[in-house]
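Please look over the sequence and the model shown here before reading on. The paragraphs that follow begin with one chain as a whole and then turn to particular side chains.

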Amino acid sequence: MRALSIAWKDTRHVYRNIAGLALMLVAPLLLATALGAAFGSGDNFSIAAVKTVVADLDVGAEAGAPAAGATIAGALDNPDMADLLDVTKVDTAVTAKATVDAGDAEVAVIIPSGLSAALMASDSAGSEVQIYRDPALSVGPAIATAVVSSVVQSLNGARAAAAASVHLAVSLGVTEDSELADLASKSAEAFSGLAQSEPPVTLEERAPLVPGLEQQKRPNVASQVLVGMMLFFMLFGAATPSRSILDEHREGTLARLFTTPTPRSVILGGKYIAVFLVVLVQAIILLLAGWLLLGAHWGALGPVVVLTLCGAVVAASLGLVTVSFAKTPAQAGAVSSAIFVFIGLISGSFTGGANIGGAFAIVRRVSPLGWLLEGWNGVLFGGSWQSIALPVVAALAFALAFFGIATFFFRRRYA
Amino acid sequence: MEAIVVEGLRKQFDPPKGPVAVDTVSFQIGEGEIFSLLGPNGAGKTTTISILSCLLRPDGGDARVGGFSVTREPEKVKALIGVVPQDIALYEDMSGRENLLFWGRMYGMSGAALNKRVDEVLELIGLVDRQKDRVDKYSGGMKRRVNIGAALLHNPRFLYFDEPTVGIDPQSRRSILDGVKDLNASGVTVLYTTHYMEEAQELSHRIGIMDKGAMIATGTQDELVRLVGERTRIDLTLDREAETLAARWRELPGVSSVSAPDDGSMWLSVQDANVLMPKLFDGARAVGARIIEISLAEPNLEMVFLHLTGRALRD
Ligand SMILES: Nc1ncnc2c1ncn2[C@@H]1O[C@H](COP(=O)(O)OP(=O)(O)OP(=O)(O)O)[C@@H](O)[C@H]1O
Ligand SMILES: [Mg+2]
């Protein structure tokens, strides 16, 4: 009972502090909204089509031969790419750049007039395809660049193939110029035809792939971003009431508490409960806000509840353990912020949690937040108990260790 | 019957180099008594109270409060005591009433009994009107009163007050001193610390004088004053600052000590006032000063402190 009185007092104290609330509740929602908007608001983890202008100035190496510029322009304008790139053709480089400058397109691709010739010649002077972009944007131009470079690479391959076949022909005694040129362009065509049969960029397939769950529903972006942000800012939410131990020490109320018949273990227990309650309330508010304001679908109720509770336990343990090392509230603030940002980074809190594969999926398991994100991704993609079982157990094991360390330090200092 | 028995208490902070805040201190407080610890800054008063509150563990010695050892039975001791800390220890973002309710719960109180007791205490400390305001909106004197109120909720048998009147107006101070006397009259045993001689004199049945961690004398006021010997105190006021005069008078035969002059006022501890007074007037005239007020009085605790330590109680 006394522990609950202490917990209630501390919880109210946190929720009376406007600046603290902004960090705990407003910041994650704003970030999730902003990132969600940047990636489009569809149900898929897809990116809104990037407005692209293409100025194809390539005149071709000679009349009748296929022009490299047309190949690039064609790749960009390929119907398969329509989801990603919204291509408009213009006649001059100046118009293309002006369109970007005016904000009517995000990126301009300018194909120089000598591109085909340069590819046919043995040196590549004048063959640079120019990507002109709004420096404030990064996602859209990156896609256009990826498409262009994949085409250019295949064209370079074609050039190498042509050169090789001409060399071969010469060594076999073919000397007629027109014959050689014909041979070169045929082998180049053959190569690039081969290369083009592979789609240049397959962004759709970079989307989240949980093994065996390809057929499952795709959660919206905001919900994936919000989960990462929520867990990250819950650490800050936990740090505030954790610091109250140091604050009360400085202000003399801790000493006064120690003169009452309430045992020190109950006082510390009350503080722990407060930290847990603060982040639990924070998580519930953020999940409800995500659902009501950002249209997030969190997944199966049972696992979501367990993950929420588990997240609160983990955040509380991390808040307490970082504070338990510190001597003053200011020191605790600085130390814990640094640790939290590091944990957020290695856990993938800032990457939306979705497009994580390979090595990073393993690396982030060094942090309880990484495990929790793994669990959340499981339920977001339609998983249930079996997809959260291991993450929950692992995260709780971390939390237990942190509570132990924090208690050790607090007892040594105050008991 | 001795209610509090302190035996050979010793506490050193940050050993081995830190200060010895309490150095082998022993004293007793009788049931129903007001006992004051009088001493200058850093004497060890707060450290002593902290040990008797089970907040600090002594390095040596022990104390029994109501028959229970502060080192071996702290839970039992804590249930008997109410502690008014020297620095205000309240939650500034909660109201006076919320603070009292919270501290009452920490003493194991709850429900209607707690509410009723909080009403009584608010009445006692004169804060019924402002009980709903946040503590950080209170004046210094009001905070002091809540700070005291929080220690009274569970009707403790022993009350410790650690310099409860520091930095407040004379009116609040008066009401606190009267409150302490009322509580004592209702049967509470009081341990009170102060560096104001007047407070110790007014309140205490018995007084312990502390300096630099040591208890240098204990007893009733009369017993302590007798330590000074057969002396009289001369209080006088000059019409100007008188450092040099004080130094010169200190050398006169028959003068045992002279206080540090405070804005022309000082006192002297002398063997025979009638012999010395003409010499004082002569001395003043010699440096062009005038004595504008002079009176004879019994020796006080400040003289005792000066007598025992060679220093004034307040520097
Ligand atoms: N936590 C502490 N750490 C180190 N030294 C301390 C600590 N608390 C007190 N001291 C030292 O112990 C000595 C006694 O301090 P204490 O607070 O008991 O004196 P006091 O009589 O209450 O003085 P005041 O009238 O100023 O309140 C001082 O030298 C002080 O510097
Ligand atoms: Mg003190």
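This is a predicted model: local features need pLDDT of at least 70, side-chain atom pairs count only at pLDDT 80 or more; totals for chains, interfaces and linings use all residues.

**Charges and their partners**

In chain B, the mean position of the 37 positive charges and that of the 45 negative charges are 3 Å apart.

Side chains of opposite charge can pair when their charged atoms come close. Over all chains, the structure holds 33 salt bridges. One of them is formed by B:Asp119 and B:Arg97, whose closest N and O atoms are 2.9 Å apart; this pair links distant parts of the chain, since B:Asp119 belongs to helix α4 (residues 111-124) of chain B and B:Arg97 to helix α3 (residues 96-106) of chain B, 22 residues apart. B:Asp119 counts as partly exposed because its relative accessibility is 39%, whereas B:Arg97, with a relative accessible area of 15%, is buried.

Another salt bridge joins the side chains of B:Glu199 and B:Arg173, at 3.0 Å from N to O. Because B:Glu199 lies in helix α7 (residues 197-203) of chain B and B:Arg173 in helix α6 (residues 170-185) of chain B, the pair ties together parts that are 26 residues apart in sequence. B:Glu199 is buried, with a relative accessible area of 1%, while B:Arg173 is partly exposed at 24%.

Helices α6 and α7 of chain B are also tied together by B:Arg174 and B:Glu202, which lie 28 residues apart in sequence, and in this salt bridge the closest N and O atoms are 2.4 Å apart. B:Arg174 is partly exposed, with a relative accessible area of 36%, and B:Glu202 likewise counts as partly exposed, at 33% relative accessibility. In chain A, salt bridges that share partners join A:Lys9, A:Asp10, A:Glu248 and A:Lys271 into one network.

On the surface, B:Glu241, B:Glu243, B:Asp262 and B:Asp263 gather in a patch of negative charge. Within this group, B:Asp262 is found in the loop between strands β12 (255-258) and β13 (265-270) of chain B, and B:Asp262 counts as exposed because its relative accessibility is 56%.

Key
Residues are numbered from 1 along each chain as its sequence is written. Chains are lettered from A and ligands numbered from 1 in the order in which they are written. Side-chain values use heavy atoms; hydrogens and water are left out. Patches are made of residues with over 30% relative accessible area and no salt bridge: like charges are joined within 9 Å, nonpolar side chains (Val, Leu, Ile, Met, Phe, Trp, Tyr) within 5 Å. Accessible areas come from the Shrake-Rupley method with a 1.4 Å probe; for residues, only the protein chains shown count as cover. A salt bridge is a side-chain nitrogen of Lys or Arg within 4 Å of a carboxyl oxygen of Asp or Glu. Lys and Arg count as positive and Asp and Glu as negative; His and the chain ends are not counted. The place of a charge is taken as NZ of Lys, CZ of Arg, CG of Asp or CD of Glu. Helices (H or I, at least four residues) and strands (E, at least two) are DSSP runs, numbered from the N terminus. Buried means under 20% relative accessible area, exposed over 50%, partly exposed in between (1.4 Å probe, protein chains only).
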